[in-house]
Amino acid sequence: MRAFLTGLAAFAITFLIAHFVVLSALPGKIMSTVRGQMVERGMPVHAWAMSPRVTPESQPVVRPSPDLAYAICLIDLSNGPVELSVPAWPEYGSLSIFEADTDNVYAGSLDARAEGTPGIRRVIVALEGQDLYQYGEAEQVIVSKPEALALIRRLAPSQAAYEAAAALIPASRCAPL
């Protein structure tokens, strides 16, 4: 019986360690790897970058929705808060912010048809303890680590809609304050 209990305890401890690694450490490692690959491919920090339009030919296995236009901004809060400002879209659109461990910490509508959606959604992203009082009525998102990622999604089922979504990127902001 004692050997059984020792084996059960060893199993439980091993399970808890594996659980911690998978749920706590692995997402951060994945996001760090993806972020590093984006930077290596030339994606700038603090600038919106449109993803190419998704087609079955460009993404043959698992792919983002071909009906959406995506824009990504890598965020670095090491030197202070970052402002995101993104124009609304006449149909479905959203702005999401992800922490370094892949947690989605913010989702805001860009759908101009939805009640309460501003013409330009303004969000200040900061680390805990960074002064946010001076930034007025912007929405505020606090993250736990300096690295974050912002993602715009806009319904764009046609090439013309994709081009219209891409035309809004110069009017969008992702920059340190």
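This is a predicted model: local features need pLDDT of at least 70, side-chain atom pairs count only at pLDDT 80 or more; totals for chains, interfaces and linings use all residues.

Colleague: What volume does the largest cavity have?

Modeller: Let's begin with the search of the whole structure, which finds 1 cavity of 30 Å³ or more. For the largest cavity, the volume comes to about 40 Å³.

Colleague: Which element gives the largest share of the lining of the largest cavity?

Modeller: The lining includes Met31, Leu74, Phe98 and Glu147. Two or more residues each come from helix H1 (2–40), strand S4 (93–99) and strand S8 (147–155). With 3 residues, the largest share belongs to S8.

Colleague: How many residues of that lining are charged?

Modeller: Arg35, Glu99 and Glu147 are among the lining residues, and Arg and Glu count as charged. The lining divides into 6 nonpolar residues, no polar ones, and a charged group of 3.

Colleague: Now the open sheet of 4 strands: which strands are at its edges?

Modeller: Pairing in this sheet is mixed, and the strand order is S7-S6-S3-S9.

Colleague: Which residue in S9 is the bridge partner of Glu83?

Modeller: Strands of a sheet pair through backbone hydrogen bonds, either parallel or antiparallel. Strand S3 (residues 82–87) pairs with S9 in the antiparallel sense, over 4 bridges. In S9, the partner of Glu83 is Ala175.

Key
Residues are numbered from 1 along each chain as its sequence is written. Side-chain values use heavy atoms; hydrogens and water are left out. On a 1 Å grid over the protein atoms alone, a cavity is a set of points where a 1.4 Å probe fits but cannot get out, and a pocket is an open set with protein on both sides within 12 Å along at least five of seven lines; lining residues have an atom within 4 Å of a point. Grid points are joined across faces, edges and corners, and a volume is the space filled by probe spheres set on the points. Two strands pair if DSSP finds at least two bridges between them.
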